[in-house]
Amino acid sequence: MYIEQAYKGLSESWRYVIGIILVFFGWQVLGGVPLIAALVLKTGSIAILAKAGQDIGILSNALGSNSFLFYMLLTFAIGLLFLFLMVKLIHKQTLTALTTSRKKVDWARVLVAFGLWAFISVLFIFLDMYMSPEDYEFNFNLEPFLILAVIAIIMIPIQTSMEEYFIRGYMMQGLGVAVKNRWFPLVFTSLLFGLMHIFNPEIQKLGYGILIFYIGTGFFLGIITLMDEGLELALGFHAANNLTAALLVTADWTAFQTHSVYRDVSDPVLGWDVLIPVFVVFPILLFIFSQMYNWNNWKEKLTGKVLSEEEFTSKQLE
């Protein structure tokens, strides 16, 4: 009963409205202040922001890719801080209740999902390198890579945790207790997660078809959250996905432009690599997780009703 964990705090809808507004303010407004300040100090002007538009390469070149990555990820750290403050101050809810329906956070689940998806991601990357070696260029440079590794290992899990806690934690719980069903928060948060990537530079190169991957990933993460009654698997998966992207392969047209080990120099096209994860790999992972964690009653957990606060309280007392 993950969504019902909202009842372990104050769960009136107006609290979520205020919380979402304040989190967005902290994340998108205050979170951007350090980045803007760094750009002003480096270039003497903020005009570069207007020139950049969706081309984050301009900002990356202005600050240096490692510095830009740090300041970009810092916005998520500030957003996560605001989110945790809203949960504590407005909802009087524990972070454990926001994370899971279990008595404590199951870090083993986080590590399992992280390790499994990291392995699969690396496997796919090297398989593509083997099949198309001309598309990749060795990019390793020890000193900037080590700096990148420190930034990425510390900051990327914060970035991915911000997205998971906000979308599949805070918003899913808030919507669920408001509408009293599970299918609407699953669909809404999955679509929102996908559409939030509409401003990524990949859209310019690959077109809107890439949203199939982002929305499909949103549904996958939403399903494992509801089926497993907690965020642990989603937290581990998302961190592994972004870490491997930042450390192993980068390209001039992706959101992460880093001193990675390899650089993708191919002309980007929308192909099988978008469809395979969504329609083949994710269903296999759902089966693996279902066997590992004995998932059952899929229809009820994904589309059934959410208990009222009174029903949830009574059930807890049984």
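Predicted model: local features only at pLDDT ≥ 70, side-chain atom pairs only at ≥ 80, totals over all residues.

Me: How many residues of each class does the contact of α11 with α13 have?
Reply: Gly counts as polar in this sorting, while Phe and Pro count as nonpolar. The contact of α11 with α13 has one charged residue, two polar ones and 15 nonpolar ones.

Me: Are α11 and α13 roughly parallel or roughly antiparallel?
Reply: The axes of α11 (residues 211-228) and α13 (residues 272-293) come within 10 Å and cross at roughly 10 degrees. Angles under 35 degrees count as roughly parallel. Therefore α11 and α13 are, relative to each other, roughly parallel.

Me: Which residue forms a salt bridge with aspartate 228?
Reply: Side chains of opposite charge can pair when their charged atoms come close. A salt bridge needs a side-chain nitrogen of Lys or Arg within 4 Å of a carboxyl oxygen of Asp or Glu. For aspartate 228, the closest N and O atoms are 3.2 Å apart, and the partner is arginine 102.

Me: How many residues apart are aspartate 228 and arginine 102?
Reply: Aspartate 228 is in helix α11, and arginine 102 is in the loop between α6 (95-99) and α7. The pair links distant parts of the chain, and the two residues are apart by 126 residues.

Me: Is α1 roughly parallel or roughly antiparallel to α5?
Reply: The axes of α1 (residues 13-29) and α5 come within 7 Å and cross at roughly 155 degrees. Angles over 145 degrees count as roughly antiparallel. So α1 is, relative to α5, roughly antiparallel.

Me: Is the crossing of α5 and α8 left-handed or right-handed?
Reply: Helix α5 (residues 65-89) and helix α8 (residues 142-179) have axes 8 Å apart and pack at an angle of about 35 degrees. Their contact has 21 nonpolar, four polar and one charged residues. The crossing of α5 and α8 is left-handed.

Me: Which strands stand at the edges of the sheet?
Reply: The open sheet has three strands with mixed pairing, in the order β1-β3-β2. An edge strand has a single partner strand, so one side of it is left without a neighbour in the sheet. The strands at the edges are β1 (136-138) and β2 (249-250).

Me: Which residue in β3 is the bridge partner of valine 249?
Reply: Two bridges join β2 to β3 (residues 262-264), and these strands run parallel. The bridge partner of valine 249 in β3 is tyrosine 262.

Me: Which helix lies across β1, β2 and β3?
Reply: The helix in question covers residues 107-131 and runs at about 105 degrees to β1. The helix that lies across these strands is α7.

Terms used. Residues numbered from 1 in each chain as written. Heavy atoms only, no water. Axes fitted to C-alpha atoms, helices over the stretch in contact; angles between N-to-C directions. Helix = DSSP H or I, 4+ residues; strand = E, 2+ residues; numbered from the N terminus. Parallel < 35°, antiparallel > 145°, perpendicular 65-115°, else oblique. Left-handed = near helix turned anticlockwise from the far one by under 90°. Pairing = 2+ DSSP bridges. Contact = heavy atoms within 4.5 Å.
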